[in-house]
Amino acid sequence: MRLPRPHRLDLIIALAGFATGLLLWSFGLYTTGDRVFDQRWAALVPLAVMASAETLRRTMPRTAMVVGTLALVGDQFTNGNLATVLMYTDVVYAAVVYGSPASARRIPYTTGLITVAITVGFLVWWQNAIALLVGVLSGMISFMPAMTGAVVRNHREAAEAARLRAEQTALLAEMDRSQAVVAERARMARELHDMVANHLSAIAIHSTAALSIDEPATTRQALSVIRENSVAGLSEMRRLIGLLRASSGDAEPAAAPTLAGLDALVDQARANARPSGLQLVLDDTRDSAAGLPAPVELAAYRIVQESLTNALKHAAPGEVRVVLARRRGALTVEVTSPAGERPGPTAPGSGAGLVGMRERVDLLGGVFEAGPVADDEGRKRWRVRAELPVDASDEERA
């Protein structure tokens, strides 16, 4: 097995400790005397082994502690070197700081028990105060470095956890910001489409009719409709631009249209749709026109507006019926138009209107349906139906 490459700082610490030990050894500064191996060179063996263990303090902390413990025990049988003892304290500290979580938990308890055992053992053996001094020294060599390493490791882990939490918070904030931007862009797209598509569709259809039919009366009527829709469309665009500049939140603006203007909307659409052979009928069966939340009124108005625009672009000649019904807990909006081929000019569609209507209903938690149906006489018709929930408290206040 190939040993990992020692860290540069570990090599520096090992060389500095070994050089300090050699300096003390050269001056004959030992920790004790009259040991088993009293030869002068014997103290260099534990010193060299401890210095070798220091090179592994970061890459292999558990192995370094085992080797260092053996070197410290061996140093007790020689005259001893202070550098060997000091390097052992660093090895214990590094084993807690850089070791596995399990080792970091066990080493302080183990060294504490060993310190107590040594103190009690020597106290029973010697029965004097020197035994307590030996216990204090053993605690300073093993238990105190282990506790210091545990404190440092806990601080590092707490700092790392705080950094990760900060990164996660920043990531969540960025995700929230991105979602808010996407939602705002979708809302702006719905508003822009619903406000402008109706007028532009009428302009496209009547301009095509004016170009294809060479009759002064027809051309004059088409130009009148084009002018009316152009002015109305520009007014809506100015209002939207002003709201985008002044609005500071996601709430719908106070100037948003309500169902009170539904009659005017149908009258305008009736004038635009008359050349295409469409008869618009508004059937408002609501008992009360008050008490609806602003988002519900806006959604209902836009659904009717977009449905009439689609009828103007695609419906065959016949009756277009708009039905509003309010039952407890919901406002129902239903628009039906003749399905089939239509004569005369048509305007292209992209399907964004149905998507916008569905999004409006989903935001309010309602139900939206759009598709072909058959009437009582078996004729094919296109129906748009939306159920918009209304809070019971709103109805009670109304």
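Colleague: In this predicted model, how do the axes of helix α1 (residues 8-26) and helix α2 (residues 44-54) run relative to each other?

Modeller: The axes of α1 and α2 come within 8 Å and cross at roughly 165°. Angles over 145 degrees count as roughly antiparallel. The relation of α1 to α2 is therefore roughly antiparallel.

Colleague: Which residues make that contact, and how many of them are nonpolar, polar and charged?

Modeller: From α1, the residues Asp 10, Ile 13, Ala 14, Gly 17, Phe 18, Gly 21, Leu 22 and Trp 25 take part. They meet Leu 44, Leu 47, Ala 48, Ala 51 and Glu 54 of α2. Sorted by class, the residues of this contact are two charged, two polar and nine nonpolar.

Colleague: Is the crossing of α1 and α2 left-handed or right-handed, and what is the hand of the crossing of α9 and α10?

Modeller: For α1 and α2 the crossing is right-handed. For α9 and α10 the crossing is left-handed.

Colleague: What is the relative direction of helix α9 (residues 294-314) and helix α10 (residues 352-363)?

Modeller: The crossing angle of α9 and α10 is roughly 165°, and their axes come within 10 Å. An angle over 145 degrees falls in the antiparallel class. Helices α9 and α10 are therefore roughly antiparallel.

Colleague: Which residues of α9 and α10 meet, and how many in this contact are charged?

Modeller: On the α9 side are Leu 298, Ala 299, Arg 302, Ile 303, Glu 306, Ser 307 and Asn 310. On the α10 side are Gly 353, Leu 354, Met 357, Arg 360 and Val 361. The residues of the contact comprise six nonpolar and three polar, and the number charged is three.

Colleague: What is the make-up of the contact of α4 with α5?

Modeller: Helix α4 contributes Val 92, Ala 95 and Val 96, and helix α5 contributes Ala 104, Ile 107 and Pro 108. The contact holds no polar and no charged residues, and the nonpolar ones number six.

Colleague: Is Ser 103 buried or exposed, and which residues does it contact beyond its neighbours within four places in sequence?

Modeller: Ser 103 belongs to helix α5. Its relative accessible area is 8%, and under 20% counts as buried, so Ser 103 is buried. Its C-alpha atom is 9.5 Å from that of Pro 61, which is 42 residues away along the chain. Leaving aside neighbours within four places in sequence, its contacts are Arg 62 and Pro 108.

Colleague: Is Leu 278 buried or exposed, and how far is its C-alpha atom from that of Gly 318?

Modeller: Leu 278 is in strand β1 (residues 278-284), and with 4% relative accessibility it counts as buried. Beyond four places in sequence, Leu 278 touches residues including Ala 273, Ala 311, Leu 312 and Val 320. Gly 318 also touches Leu 278. These two residues are 40 apart along the chain, and their C-alpha atoms are separated by 5.1 Å.

Colleague: What share of the protein's residues count as buried?

Modeller: The protein has eleven helices and five strands. Its accessible surface is about 22,500 Å², with 63% belonging to carbon and sulfur atoms. Of its 398 residues, the share counted as buried is 37%.

How values were computed
Residues numbered from 1 in each chain as written. Predicted model: local features only at pLDDT ≥ 70, side-chain atom pairs only at ≥ 80, totals over all residues. Heavy atoms only, no water. Contact = heavy atoms within 4.5 Å. Helix = DSSP H or I, 4+ residues; strand = E, 2+ residues; numbered from the N terminus. Nonpolar A, V, L, I, M, F, W, Y, C, P; charged D, E, K, R; others polar. Axes fitted to C-alpha atoms, helices over the stretch in contact; angles between N-to-C directions. Parallel < 35°, antiparallel > 145°, perpendicular 65-115°, else oblique. Left-handed = near helix turned anticlockwise from the far one by under 90°. Buried < 20%, exposed > 50% of the residue type's maximum accessible area, 1.4 Å probe, protein only. Areas by Shrake-Rupley, 256 points an atom, 1.4 Å probe, with all protein chains shown as cover.
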